[in-house]
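Please examine the fold below with its helix packing in mind. The paragraphs that follow proceed from the nonpolar core to the helix pairs around it and then to the chain as a whole.

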Amino acid sequence: MGMNFGDVLTIVLPLLVLVGLLWALTAAFKPRDTGVSDAERYQRELAARSAAHQASQVQEALALRARIEATTKPSQNEASHREQAENTRRAIQAQAARSHAAGQTGHQPAILPNGQLNPQLAFELQNLVRSGKKIEAIKVLRQATHSDLLTAKNYVDRL
């Protein structure tokens with residue numbers, strides 16, 4: 001009663017197939033390396049660069065606003081304060097001359113005590129910009145506030 005080669009083959013072959021099938025299933029369902037793909041890494045770098053660029057734009061805008069406020073508000077320095085007061089007095093005279101020439105009375109200074117632009121002057125500048133006279137608006141703003149060209153241009157561009 002010995003086992004011949006055919007009997008061994010009928011027992012061993014299904015066992016080998018079963019072992020191979022189990023190995024294939026475990027290999028197929030084994031967790032893969034979940035590292036970051038190149039596309040994901042690129043997206044993250046792009047988002048980081050975009051956030052950094054936006055932060056730098058905000059910083060530049062804040063610095064520009066500070067420069068504009070520094071040129072339109074009186075300084076704490078006494079000499080600058082006197083010079084600013086003299087410039088404001090000249091601006092008031094120039095505004096009065098324009099108002100008088102236009103037949104207006106009851107003028108206000110170009111820059112109010114709270115540091116804001118006179119609403120009448122702002123309205124006049126908006127009208128000039130809307131009618132396509134940006135350069136004229138920049139000239140009027142510079143004459144009224146004695147600000148530099150870049151500051152006046154940036155202000156008019158934002159209207």
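Which residues of the largest nonpolar core touch the most other members? The model is a predicted one, in which local features need pLDDT of at least 70 and side-chain atom pairs count only at pLDDT 80 or more, while totals for chains, interfaces and linings use all residues. Residues are numbered from 1 along each chain as its sequence is written, and side-chain values use heavy atoms, with hydrogens and water left out.

The core has 14 residues, and those touching the most other members are Leu117, Leu121, Leu125, Ala137, Val140, Leu141 and Val156. A nonpolar core is here a set of buried Ala, Val, Leu, Ile, Met, Phe, Trp, Tyr and Cys residues joined through side-chain atoms within 4.5 Å. Buried means under 20% relative accessible area, exposed over 50%, and partly exposed in between (1.4 Å probe, protein chains only). Two or more residues of this core come from each of helix H4 (119-130), helix H5 (134-145) and helix H6 (149-157). Helices are DSSP runs of H or I with at least four residues, strands are runs of E with at least two, and both are numbered from the N terminus. Setting aside residues up to four places away in sequence, Ala137 touches Leu125, Leu128, Val129 and Val156; contact means heavy atoms within 4.5 Å.

The packing of H4 on H5 can be taken next. Their axes lie 7 Å apart at an angle of about 160 degrees. Axes are lines fitted to C-alpha atoms, for helices over the stretch in contact, and angles run from 0 to 180 degrees between N-to-C directions. H4 is therefore roughly antiparallel to H5, a term for angles over 145 degrees, whereas angles under 35 count as roughly parallel, 65 to 115 as roughly perpendicular and the rest as oblique.

The axes of H5 and H6 come within 9 Å and cross at roughly 125 degrees, so the two helices are oblique to each other. From H5, Lys134, Ala137, Ile138, Leu141 and Arg142 meet Leu149, Ala152, Lys153, Tyr155, Val156 and Asp157 of H6. The loop between H5 and H6 contains His146. The phi of His146 is near 55 degrees, a positive value in a residue other than glycine. His146 is partly exposed, with a relative accessible area of 38%.

For the chain as a whole, the protein has six helices and zero strands. Buried residues make up 18% of its 159 residues. Among contacts with a separation of 6 or more, 38% are between residues 24 or more positions apart.
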